[in-house]
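Let's take a look at this chain together.

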Amino acid sequence: MNETTLIGMVSVFTAGLTMAIGAIGPALGEGRAVAQALSAIAQQPDEANTITRTLFVGVAMVESTGIYCFVISMILIFANPFWEYAVSQAGG
């Protein structure tokens, strides 16, 4: 096993781990935010518009975490700087 193979294996494993954490965290956060918002709307129906607007902003911010994890995973797989360095050092 040479170093380019090792870098590839670690990159794929890290990308998978990043996507796993990046998918689970925002999913749990969004679920909790929606549950709390529905509870708040049930208790105060007159404030539904304000709660809904705040919920959408919060959910968008939570979702951005998942998107950042996706971008990092794509960088690790398709534009890994360690891979380019190893290939250039190997003479390729």
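## Helix α3

Of the 10 residues of helix α3, how many are buried? Keep in mind that this is a predicted model. In helix α3, which covers residues 81–90, the number buried is 1, so the helix lies largely in the open.

Both ends of α3 have something to show you. At its start, a side-chain oxygen of N80 comes to within 3.0 Å of the backbone nitrogen of F82. Just after the helix, G91 has a positive phi of about 95°.

## The whole chain

Zoom out, and you'll count 3 helices and 0 strands. Starting from the N terminus, the order of elements is α-α-α.

What about the overall dimensions? The C-alpha trace spans about 70 × 20 × 10 Å along its principal axes. The radius of gyration is 20 Å, while a compact globule of 92 residues would have one near 12 Å. If you take the contacts between residues at least 6 apart in sequence, 74% of them join residues at least 24 apart.

## Inside and outside

Buried residues account for 18% of the 92 in the chain. The chain exposes about 6700 Å², and 70% of that comes from carbon and sulfur atoms.

M1 sits in the segment before α1, the helix that runs over 3–43. With a relative accessible area of 77%, M1 counts as exposed because the cut-off is over 50%.

Key: Residues are numbered from 1 along each chain as its sequence is written. This is a predicted model: local features need pLDDT of at least 70, side-chain atom pairs count only at pLDDT 80 or more; totals for chains, interfaces and linings use all residues. Side-chain values use heavy atoms; hydrogens and water are left out. Helices (H or I, at least four residues) and strands (E, at least two) are DSSP runs, numbered from the N terminus. Buried means under 20% relative accessible area, exposed over 50%, partly exposed in between (1.4 Å probe, protein chains only). A polar contact is a pair of N or O atoms within 3.5 Å; within protein, one must be able to donate a hydrogen and the other to accept it, and residues adjacent in sequence count only if both atoms are side-chain atoms. The radius of gyration is taken over C-alpha atoms; the globule rule is 2.2 Å times the number of residues to the power 0.38. Contact means heavy atoms within 4.5 Å. Accessible areas come from the Shrake-Rupley method with a 1.4 Å probe; for residues, only the protein chains shown count as cover.
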